[in-house]
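Welcome! Open your viewer, get the selection tool ready, and follow along one stop at a time.

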Amino acid sequence: MLKKILYHYRPINLFIVCVTQLVVLTFLIQNSNSVNCFPIIVFPAIFACTVIITISGYLINDYFDYSIDEINKPLKQRLSKDSLLRLYLFNVTLGLVLAIFIANEIGNLFYTLIYFLATLLLFLYASHFKRLGLIGNVVVSSFSSLVIAIIWFVFKVFCIPIQNDLPNTILVQKVNKESILLLFMCFVFLSSMAREIIKDCQDISGDSKFGLQTLPIRIGINRTIFFVNFFLAILIIVSCTWIYATLATMPIYKSVILVLIIFTIIYSMIKTNKAKNSEDFKFVSKILKTCMGFGILYLFTLSLPS
């Protein structure tokens with residue numbers, strides 16, 4: 001039973017979500033002249049709430065794709081559809097309680113609305129948007145960027161500047177954090193877009209039998225690869241911009257990670273154009289996940305002393 005639950009929860013992906021938000025928070029703290037104006041428990045609670053939202057998205061997606069996954073992932077041990085639905089409702093309820101707690105702690109009920117919108121968006125993605133090709137890819141990639149945006153939003157709105165007359169408390173502005181975070185959000189969105197399209201290519205066999213209108217089904221694998229290359233090319237441009245935005249103030253060794261990112265992107269482009277079957281596309285998907293890991297690592301290095 002535990003093995004089945006872990007399969008649906010995707011613990012590695014949940015770990016990446018937590019690490020991403022923690023790295024973003026660390027980056028903001030180290031590069032801002034501000035202090036928290038609410039209990040420190042709020043950010044761990046936001047991490048937990050984001051994880052619960054993500055889990056709920058996985059569960060409802062697996063619920064709607066149950067029959068499709070019997071073809072695309074026949075060897076995986078899964079819970080029953082009824083168990084998935086019950087577990088989904090439990091997680092949604094647990095997340096709502098946590099969202100209300102967070103809203104109460106920061107004195108702003110708007111956060112609860114964000115929770116409802118995020119949960120609804122992932123439900124609609126699983127039930128409808130996923131079957132509409134590129135629209136579904138945009139929705140899930142946007143959610144990946146929102147994982148970063150919510151930490152930025154809470155930090156910016158609910159943290160106050162440190163006054164200059166406070167001794168020994170001023171933090172030096174090391175980088176333009178707004179530009180860096182915007183580039184990072186673009187990086188996450190584009191890499192997620194490319195990876196989601198690749199995953200559609202990987203699952204084309206099962207998806208086509210159930211009438212889904214994913215991009216590779218609608219326009220074919222060869223034309224879909226063109227879209228993947230397009231997003232990866234923009235991703236290279238964003239990564240190069242990232243280098244330009246930080247190289248002047250950062251030690252060169254930190255930009256080595258961006259070189260690895262660019263190399264990984266180029267390698268994924270080569271492997272995508274050579275991909276012939278589901279296993280080939282699965283390998284490219286893993287490369288792109290590694291690329292995202294390098295991006296998170298680079299943002300973390302920007303939080304370290306120069």
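A residue is called buried when its relative accessible area is under 20%, exposed when the value is over 50%, and partly exposed in between (1.4 Å probe, protein chains only). Keep in mind that this is a predicted model, where local features need pLDDT of at least 70, side-chain atom pairs count only at pLDDT 80 or more, and totals for chains, interfaces and linings use all residues. Residues are numbered from 1 along each chain as its sequence is written, and side-chain values use heavy atoms, with hydrogens and water left out.

**The whole chain**

Start by showing everything as a cartoon. You will find 13 helices and two strands; helices (H or I, at least four residues) and strands (E, at least two) are DSSP runs, numbered from the N terminus. Of the chain's 306 residues, 50% count as buried.

**Stop one: R10**

Select R10, in the loop between α1 (2–9) and α2 (11–30). Is R10 buried or exposed? R10 counts as buried because its relative accessibility is 18%. Look at its backbone too: phi of R10 is near 50°, a positive value in a residue other than glycine. Most residues other than glycine have a negative phi.

**Stop two: S56**

Next, go to helix α3 (residues 42–64) and pick S56. With a relative accessibility of 3%, S56 is buried. Which residues does S56 touch, leaving aside its neighbours within four places in sequence? Show Y88, N91 and V92, which are in contact with S56; contact means heavy atoms within 4.5 Å.

**Stop three: a nonpolar patch**

Select F110, L113, F116 and L117, which form a nonpolar surface patch with about 390 Å² of accessible area together. Patches are made of residues with over 30% relative accessible area and no salt bridge; like charges are joined within 9 Å, and nonpolar side chains (Val, Leu, Ile, Met, Phe, Trp, Tyr) within 5 Å. A salt bridge is a side-chain nitrogen of Lys or Arg within 4 Å of a carboxyl oxygen of Asp or Glu. Zoom in on F116 in helix α6 (residues 110–127): F116 is partly exposed, at 47%.

**Last stop: a positive patch**

Finally, select K3, K76, K282 and K286, which form a positive surface patch. Lys and Arg count as positive and Asp and Glu as negative, while His and the chain ends are not counted. The place of a Lys charge is taken as NZ. K286 lies in helix α13 (residues 278–301) and is exposed, with a relative accessible area of 52%.

Methods. Areas by Shrake-Rupley, 256 points an atom, 1.4 Å probe, with all protein chains shown as cover.
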